[in-house]
Amino acid sequence: MKLLPESSGFEAINNALNFETVDGSIMGRLESYSCKMVGQEKALYKRFHSFSGVNDLQALSPPQSMIEASSPHSLNKSSQSSGGEDSPLEDKINRKTLFYLISTLNAAFYPDYDFSNASSQEFSREPSLEWVMHEVERQMMAVARSEFISVESALWAALDSAICLRECEIYSYNPDQTSDPYSEDGCLWSFNYFFYNPRLKRIVFFTCRSVSQYCGSPRDSALIGNSCMDIEEDY
């Protein structure tokens, strides 16, 4: 994956997505990647393709919206409204697209983390652009209403200009504690969205996290780990 030069629109948005709140910090960023394989990625893809087995399609985890609506009533209502179509629980991803997502993570968090062994079960395909927009708004407005209102319109306009949102498949990365790059003490919440446009062969990665001011850096965790856990539970 090749990181594309940051446009002036993304630069302004990234500056606006990093600020202090009453209780801590918000740290977010947008990055645009070309899906053209570079360097050793071609060899890695061959090994990845071979390791994945015969079936080209890999099972994804259910999207967060499906988990939230997992009551029998909600599932029945969803099934009726979908006209019998496949449930999001049955979402699958082809190996090349999965490789793109993993390669994006490797590029975004290089050199601190290696996601080469990530499985398809750590990813979800989100049901709609509207749902993703709502989730981002819900999380940001809860902690930084005025700051997010000031950047919200420009954020989605910059994304649309870069990736053509209505053409995108939208995925999220939902790792377990051991694989999460944001598992440091004090991280209250985080999200990782991939906006993949097959026509443009491009991915925009949108990642953000909220970190409590009451917790120190990971090297201080031995001293303050218990108090951080208490804060997260209260949150």
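Which residue lies over the face of Phe 109, and at what distance from the ring centre? In this predicted model, where local features need pLDDT of at least 70, side-chain atom pairs count only at pLDDT 80 or more, and totals for chains, interfaces and linings use all residues, the residue is Arg 29, at 5.3 Å from the ring centre; a charge is taken to sit over a ring if NZ of Lys or CZ of Arg is within 6 Å of the ring centre and within 35 degrees of the ring normal. Residues are numbered from 1 along each chain as its sequence is written, and side-chain values use heavy atoms, with hydrogens and water left out.

A search of the whole structure finds 14 aromatic pairs. Phe 109 and Tyr 182 are edge-to-face, at 5.7 Å centre to centre and 75° between the planes. Because Phe 109 lies in the loop between α5 (95-108) and β6 (123-125) and Tyr 182 in the loop between β7 (169-173) and β8, this pair ties together parts that are 73 residues apart in sequence; helices (H or I, at least four residues) and strands (E, at least two) are DSSP runs, numbered from the N terminus. Phe 109 is buried, with a relative accessible area of 9%, and Tyr 182 is buried at 6%, where buried means under 20% relative accessible area (1.4 Å probe, protein chains only). The rings of Phe 109 and Phe 205 are likewise edge-to-face, with centres 6.1 Å apart and planes at 75°, and this pair links the loop between α5 and β6 to strand β9, 96 residues apart.

Not counting residues up to four places away in sequence, Leu 155 touches Ile 13, Leu 17, Leu 30, Phe 148 and Phe 206, contact meaning heavy atoms within 4.5 Å.

Notes: Rings of Phe, Tyr and Trp (its six-membered ring) pair if their centres lie within 6.5 Å; planes under 30 degrees apart count as stacked, over 60 as edge-to-face and the rest as tilted. Buried means under 20% relative accessible area, exposed over 50%, partly exposed in between (1.4 Å probe, protein chains only).
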